[in-house]
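Dear colleague,

I am passing on a structure for you to look at, and below it I describe what was found. Please keep it open while you read.

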Amino acid sequence: MVCLMKRLCSVPTDTLFLHHFFFSFFFFFFFFGVRVSSQGFVSFSYPNDPTANFFLLGDAVESHGFIQLTSLNTNLDQTLGNAGISSAGRFLCRTPIRMLEPETLRVSSFSTSFTFKINTLNSSYQGGDGLAFVISPDNSTVGGQGEYLGAFLPGNVTSQSHTFAVEFDTFQNDDVGDPNDNHVGIDLTNITSLYYNNASNVGIQLNDGSVITAWIRYDGVRNNLQVRISTDSMEPEDPLIDANLSLSNTFNEFMYVGFSGSTGLSNELHTLMSWAFSSWGVQQEPTGENAPRAKHGSNAVIIPICLALLFLVIAF
């Protein structure tokens, strides 16, 4: 120790400055840079993202570059007038996204925007039933038809306790607490909305065939969810729904993200036209060659740089 002090005291002032600089640089990146860069970031989009991998369930099909979440029934039951057979489908990203750190219960923040349109084709029925953005614990279940929007199954199903959905509902089903036939709602564990607001409050009729853009943002630190909708590409300043809720008891560690839709006694087309999704705040883990584009923290780069700088300090 004495030798080291003598050595330092004998070196020129500019060399001491370099020692202080490199030591400060090293400790800043080692103790702060690694921690900041340890947060994973995932993003993908449809339809123009070649790195993403999507798939269809139930009655969902891809047609002319768009996703039809429900089928158009051309064999109408004449005893029901214009009504047809119920339909349900899903469109999901094939790769699960890590949405929860089980040890800390830290929930990922996420942001998604998408464009869609809903067309009611029957004159005798008001339409129905709608579509939903879903975050689901599995990639094989198609939810129920009609009022369940392809997002949830009828009855008390255990797996549904880990399903999250934002619904765009076009039919009033009193038995599940729908306020009207033109609302947006937040659903946790079941189809009865925990929060909702009327789309007509921002001048939108969900099933009139207009192209609608939706923005959904969740802040995993503040436990805040906001939903906005518009018939143009400009995101409104004021949210349609602004809700404080924790998703730590809803999400599994890995979840699947996508969309669902359903019809009941009506032919209604639910068309997803484009979609972008991103999440951050929870470190992602590689899940195979079909994973969407994942931008991970750069620990593997920062640590060698710090070690190299430490070597230079010692060498002076």
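Please note that this is a predicted model, in which local features need pLDDT of at least 70 and side-chain atom pairs count only at pLDDT 80 or more, while totals for chains, interfaces and linings use all residues. Residues are numbered from 1 along each chain as its sequence is written, and side-chain values use heavy atoms, with hydrogens and water left out.

Strands here are DSSP runs of E with at least two residues, numbered from the N terminus, and two of them pair if DSSP finds at least two bridges between them. β11 (residues 164-169) has six bridges to β12 (residues 183-188), running antiparallel, and β10 (residues 130-136) also pairs with β11 in the antiparallel sense, over six bridges.

Six of the six residues of β11 are buried, where buried means under 20% relative accessible area with a 1.4 Å probe and protein chains only. Phe-164, Val-166 and Phe-168 point one way from β11, whereas Ala-165, Glu-167 and Asp-169 point the other way. In a regular strand the side chains alternate between the two faces of the sheet.

The count of aromatic pairs comes to 22, a pair being rings of Phe, Tyr or Trp (its six-membered ring) with centres within 6.5 Å. The rings of Phe-114 and Phe-168 have centres 5.9 Å apart and planes at 90 degrees, so this pair is edge-to-face (planes over 60 degrees apart).

Best wishes

Definitions and conventions:
Buried < 20%, exposed > 50% of the residue type's maximum accessible area, 1.4 Å probe, protein only. Helix = DSSP H or I, 4+ residues; strand = E, 2+ residues; numbered from the N terminus. Phe/Tyr/Trp six-rings, centres within 6.5 Å; stacked < 30°, edge-to-face > 60°.
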